[in-house]
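Please look over the charged side-chain pairs in this structure. The notes below take them point by point.

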Amino acid sequence: MTVARQQALTVIIVVCAGTQHALTQSQPPLQSPGSNSAPSHSLSTSPSQLSETAPEPAPSPTPDSARELELLKQLGWQQAYSPNGYVINATLPSNCSLSTWQSLHNLTALTNLTLTGSLPALPDSWGSPGSFPSLLAIDLSHAELSGPLPNWGSAQSFSRLRTLNLTNTGLSGTLPPSWGQEGAFPALLQLHLGGSSPGISRLSGSLPENWGSPTAFPALALLWINYCNISGSLPLSWGSNSAFPALTTLSLLELPLQGTLPTAWGGHTAFPSLLDLYLGIADKPSGYSHVGVSLSGSLPAQWGSNGSFPVLEHLTIANLPPGPGLSGSLPAQWGSPGAFQHMKELLIENTQGGISGPLPSAWGNPDALPELSVLLLDHGSLTGSLPASWGSAGGFRKLNNLWLGHNHFRGGLPDAWAQEGAFPSLQALQLDKAGLSGTFPMSWAAPDAFPSLLVANFSYNDFRGSLPAFDNAILGMVDLEGCKLDGTLDELWRSSAPLTVIQASQNRFSGSLPEGLGCLPQLSLLGLRDNSLEGTVPLSWLRPGATLSHVSYLDLGTVWDDSVAQPTWRQELCLEQPVLFYTDVTGRQASLLPIVNEHMTDQRDTAAELSRNVTAFAAWSRAGGSVGDMYLADTFLQGGSQLVSVRQICKNSGFEAVLLILWSVA
């Protein structure tokens, strides 16, 4: 999984100052950095993780109120004015003079400033002592700006500012060291810089060392610097004693950073409040070439020392491009007693072959990573066997997502992972293209194995032998495509697990399809293409209430072709079913589709038309939480060019009388 599985950081700003007036013009809603990108797997921060943003009452009116009102009249904003506080959410008038723009800092009762459209350069004068004495939030993320970041680091300026959002503005230049001076931004909670997507921000230079001084940003809870050309190394000072005492989220994605991960960041006094740390590259938009992230060296073992990152919940180091990159193995110390006691999500993936070696046995100890729920280590160069210790009773007791695919392991699936007490909360297991071999152990399909498992992906490994019956308690999907399995499928048909998806194409299975699938009443997707199956689809599958009455995707290769060639079989397929439905991966009926003839009345409709009308099937319902959105129907659909048209199969019956089933041909 890539950082696509992460969600965009949602920033909720609540500001008030007594009874406020507001000027609001039509404009896009406030979006946080990252809101334009897809997600995986989520970058999120809840408002409860940030300090309270509601301020004390605004100061009483001053003798300068008349001057303030006159300034607002020049801009056409006078209706927003209130001496007790007001909000401006508008486009700057095109006739605004430079002197008027620079004098906005004299708006003493202004609490929130959100501007859109084309703006002049940000003036240094806005950061002079006494400016904007009531201002709580500045949001220019939907404006067009140029020029450098201003020197706003004077003491006594922006004394009450809580949120500063300058993403997506086109600002250039470096990050001002003055912003880290003592007394600057004393109340700032959130600072958003750079971009939320590539190609917008022109910021460059390096991360200022003095931003990590003990007196810098005393209240800052969220620091977001993404998608820009800031380079250099991660500053050691940012992990020093008393640096960033209130910081809960640090996101440094898509920056051409160099050097190693600082060991000092894992010191016992570093980042005392940090909950989320994001490094590397986010999802790759179509046609976008990533910046040259060149982080190198090994994962610091000291980051797993007892007392390091005392409250860290989410660590992402992902999607590094080819090059020197990270190297070495996963530190065993990260699983030592006392390490990462609050860690919930650990993502070290797509490291382009840099992280190698075996999975640390210590990570499976009962006292290791006690809160971990998501562990993503896919697309790397991990080797060795799957450690039996990871199946220890009491280990990984809260883990619900484990992704180890696209690595270079050896050996088979350890029986210890399926023993009683192992992985009690695991819902999704990804072991595709992991280099595994051997037979598929019966212990993994036993009724008491993996009691919470919903989805298991074993595709494209080198397994041999036949499949057992899957009797796991709640298993809904199993993917065994391309695993070189052989024998018959007799045991599989006897499975008691509530399977809705079975993908077993590209194996060596033989034999014929059974007359009934009584043990699989919820099956909605069955893939058996490119096997050595014989015979035809039994006619019993086609009758109302039987298998094909609820299967929404059926891929049987030549068995389907042989069946279609029989006139009696075609007649049985064309049932009089006025309403169509599909099921989600939990087996529940998800929604009803319109009658077919509302969409397909033209007798000339063929596979292309069927493909267009099949789009509703791609929006499968999710199985719940982060599990379901990893497995969408379009993972299995082969495309319109492979769909046999309804007219070809049911040429003796009208479109409206066809039970819609998706199928593909060999």
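1. Arg529 and Glu481 are both buried (under 20% relative accessible area; exposed is over 50%, partly exposed in between, with a 1.4 Å probe and protein chains only). Their side chains form a salt bridge, 3.5 Å from N to O. Arg529 sits in the loop between strand E30 (525-527) and strand E31 (532-534), and Glu481 in the loop between strand E26 (477-479) and strand E27 (486-487), so the pair ties together parts 48 residues apart in sequence. Strands here are DSSP runs of at least two residues, numbered from the N terminus.

2. This is a predicted model: local features need pLDDT of at least 70, side-chain atom pairs count only at pLDDT 80 or more, and totals for chains, interfaces and linings use all residues. Residues are numbered from 1 along each chain as its sequence is written, and side-chain values use heavy atoms, without hydrogens and water.

3. How many salt bridges does a search of the whole structure find? The search finds six. The term means a side-chain nitrogen of Lys or Arg within 4 Å of a carboxyl oxygen of Asp or Glu.

4. Arg529 also pairs with Asp530, with the closest N and O atoms 3.0 Å apart. Arg529 has 12% relative accessibility. Asp530 is partly exposed, at 42%.

5. Lys398 bridges to Glu371, the closest N and O atoms being 2.8 Å apart. Both lie in loops, and the pair ties together parts 27 residues apart in sequence. Lys398 is partly exposed at 38% relative accessibility; Glu371 is partly exposed at 27%.

6. Asp462, Arg464 and Lys484 are joined in a network of salt bridges.

Methods
Helix = DSSP H or I, 4+ residues; strand = E, 2+ residues; numbered from the N terminus.
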